[in-house]
Amino acid sequence: MPDGVWDREVDLLVAGAGPGGMTAALVAAMEGLDVLICEKSEQIGGTGATSAGTLWIPANSPSREAGFDDSADDAGRYLDALTGDGGDARRDAFLADGPKVIDDLIARTDLRFVACGQHPDYRNNLPGAAVSGRAIIPEPFDGRLLGRDFRRVRPPIDEFLLFGGMMVGKADIARLLGRFRSLGNFAHSVGLILRYLTDRVRFTRGTRLVMGNALVAQLFYSLRKNGVPIRFGSALGDLVVEDGRVMGAVIEDSSGTVRIRARKGVVMATGGFAHNEKYRKQFMPNPVPAHSMAVAENTGDALDIGERIGAMVTPDRAGSGGLWTPVSVTPRKDGSTGLYPHIILDRAKPGLIAVNSAGRRFVNEGVSYHDFVEAMFRSNEVVPTIPAYLICDSAFVVKYGVGAIYPVTRNLKSFERSGYAKCAASIEALAEKLEVDAVALADTVQRHNRFAAEGSDPDFGKGDTELNRFNGDPDHGPNPCLGPIATPPFVAVEVWPAELGCSAGLATTADAQVTDKNDTPIEGLYACGNDMGSIMAGTYPGPGTTLGPAMVFGYRAAMHAARPQAA
Ligand SMILES: Cc1cc2nc3c(=O)[nH]c(=O)nc-3n(C[C@H](O)[C@H](O)[C@H](O)COP(=O)(O)OP(=O)(O)OC[C@H]3O[C@@H](n4cnc5c(N)ncnc54)[C@H](O)[C@@H]3O)c2cc1C
């Protein structure tokens, strides 16, 4: 492209204001680069804003300072055992750099993290796995600090909000449920509600942000402090390449196209291919899962644009193409539907089983959300298991809740009417409603109830792992994950596979430089977040598997672009 046809010139152009892109932009700005972020939607945060905000960073300092030691070598051994290979240079860089990235972000920005403490790796029976020390979460953030820009923070999904606008983290849920058990819990609960009521006088939702919303708001706040501009409603549409080097990009907005020269390069952080049918078909199991937890804007633009200029996409180490969770489809008041991800709150609790269309269990229900869906895929090859059914009784619902039916719910009528749940006075009648074999389902429940009384599950080992027990009920015995399904009405909720993130993406170097089919870096082009092929080879080692690498490689992309030779 000849000189003079650029509409604007910057050092680094970042496409996508999710956690990956915002980290890259923030670090590049702190390194002295002139940075611009182009964001397709009108808000920052992407899927990251709707996430739990947990980062998996082995051997991180917040955990060490909280007394939870870990080592990168142990994490490497764990990943070797989990993925069945020795990883690659990207994985080595992630393990070596992860803790330093977090330290540097804490030192130079407004990002603040707390150690989760105990939060087991998802295959904690493998060598090198840890039960604590690897997961961190953002501190709660006060959205009022953003002033008018608070409206630019993408809200969480409706299913994660109380009273239509109040965010609660895992620790808050425990205290709200136990509000009459201690003065501290009561005071905390009252404080949350008073703060929320005050917020609603001025804001459309609560401003006490937790989980992924806190993470992206902290990034946004830090970006504003560093003077990084964000062009909203601006989508990366194409790359401009000269002599094999990316010189800049074409951005599409409501006024047409804008050509932006990027002297040091372009970072693609557009969140992966979740809503791109072509790539779903190419990388995901057949039948292609119909649901995705990613924001609607994530349509695989970076993969498509990258492939057009010769970039390599990595299906070979991407497993089933996604990082999965089971979801139930929630009818909303306005007639639309949402998705409730069954991540940690119900499956491992005592008194719930998952069955396939034959009325048979197919998995240890307490495994990670990713492993649960992988088991659905495997079982579905033999007997229809998509959807599968979570089965429990009314006592379970009152105590723990199931999906979008929150604990303490006694009247299930509205959930039945909306089709969210099926309820019946007997297991046989429930089977009839689900159109599964009634004799088989009754036998499955009876067998499970026997296991619950004995405290052990010889079929699938529910309750055998640290992870199972961590998400079970410590006050329930003899097994914190096994309880009888015995109190009518009996309840079933249908679950489907959906991805939290994509595992197939662009091939990159350890510095997040996109590579071509000969493994050669394409000068001036970087990818991070879900645009980058997952370093975990299609596996989900622990809480924070996508956000940890998204931020580490966003950081590494920025540092590489800021080196003098990248001019
Ligand atoms: C309920 C839920 C819980 C989760 N919890 C966790 C967790 O605790 N830990 C974890 O590691 N992961 C979690 N995840 C997954 C995690 O949120 C995503 O993997 C992560 O947000 C990916 O980051 P990203 O920056 O690549 O993409 P995103 O966060 O999706 O951001 C991409 C951004 O790019 C924008 N965009 C799209 N196309 C373009 C374009 N052409 N030009 C410009 N902008 C564009 C989008 O609008 C969006 O703002 C969770 C996901 C969900 C749904």
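## Second largest pocket

Helix α13 contributes the most to the lining of the second largest pocket, with three residues. This is a predicted model. The volume of the second largest pocket is about 570 Å³. Among the 16 residues that line the second largest pocket, Pro331, Lys333, Ala404, Tyr406 and Phe415 are the closest to its centre. Two or more lining residues come from each of β15 (322-331) and α13 (413-418). By class, the lining of the second largest pocket holds eight nonpolar, four polar and four charged residues.

## Cavities

How many cavities of 30 Å³ or more are there? The count is three.

The largest cavity holds about 70 Å³ of space. Its lining comprises 13 residues, and Ile343, Ile344, Arg347, Val367 and Asn471 lie nearest the centre. The lining of the largest cavity divides into eight nonpolar, three polar and two charged residues.

The second largest cavity holds about 60 Å³. Its lining is made up of Met166, Met167, Leu192, Arg195, Tyr196, Asp199, Gly206, Thr207 and Arg208. Four residues in the lining of the second largest cavity are nonpolar, two are polar and three are charged.

## Strand pairing

Strand β3 is joined to β5 (residues 135-138) by two bridges, and the two strands run antiparallel. In this pairing, tryptophan 56 stands opposite alanine 135 of β5. Tryptophan 56 also belongs to an aromatic cluster with Tyr78 and Phe94.

Strands β11 (residues 235-242) and β12 (residues 245-253) run antiparallel and are joined by seven bridges. Valine 241 stands opposite valine 246 in β12. The two strands form a hairpin with two residues between them, and aspartate 243 is in the turn.

## Aromatic and charge-ring contacts

The whole structure contains 17 aromatic pairs. One of them joins tyrosine 369 and tyrosine 540: the ring centres are 5.2 Å apart and the planes lie at 75°, so the pair is edge-to-face. This pair links distant parts of the chain, 171 residues apart, with tyrosine 369 in helix α11 (residues 369-380) and tyrosine 540 in the loop between β22 (521-527) and α17 (547-562). Both tyrosine 369 and tyrosine 540 are buried.

A charge-ring contact is found between arginine 152 and phenylalanine 232. The charged end of arginine 152 sits over the ring of phenylalanine 232, 4.0 Å from the ring centre.

## Backbone exceptions

Most residues other than glycine have a negative phi, and most peptide bonds are trans. Which residues depart from the negative phi? Aspartate 243 is one of them, with a positive phi of about 50° although it is not a glycine. Aspartate 243 lies in the loop between β11 and β12 and has a relative accessibility of 85%; the cut-off for exposed is over 50%, so aspartate 243 counts as exposed. Valine 408 also has a positive phi, near 80°. Valine 408 is located in the loop between α12 (394-400) and α13, and its relative accessibility of 49% makes valine 408 partly exposed.

Glycine 477 and proline 478 are joined by a cis bond with omega about 0°, and a cis bond with omega about -5° joins proline 488 and proline 489. Proline 478 lies in the loop between α16 and β20 (490-502), and proline 489 lies in the loop between α16 and β20 as well.

## Glycine 463

Glycine 463 is located in the loop between α15 (438-454) and α16 (466-471). Is glycine 463 buried or exposed? Its relative accessible area is 7%, and the limit for buried is under 20%, so glycine 463 is buried. From C-alpha to C-alpha, glycine 463 and arginine 148 are 48 Å apart in space, and they are 315 residues apart in sequence.

Key. Residues numbered from 1 in each chain as written. Predicted model: local features only at pLDDT ≥ 70, side-chain atom pairs only at ≥ 80, totals over all residues. Heavy atoms only, no water. Pairing = 2+ DSSP bridges. Helix = DSSP H or I, 4+ residues; strand = E, 2+ residues; numbered from the N terminus. 1 Å grid on protein atoms, 1.4 Å probe; cavity = no way out; pocket = protein on both sides within 12 Å on 5 of 7 lines; lining within 4 Å. Points joined across faces, edges and corners; volume = space filled by probe spheres on them. Nonpolar A, V, L, I, M, F, W, Y, C, P; charged D, E, K, R; others polar. Phe/Tyr/Trp six-rings, centres within 6.5 Å; stacked < 30°, edge-to-face > 60°. Buried < 20%, exposed > 50% of the residue type's maximum accessible area, 1.4 Å probe, protein only. Lys NZ or Arg CZ within 6 Å of the ring centre and 35° of its normal.
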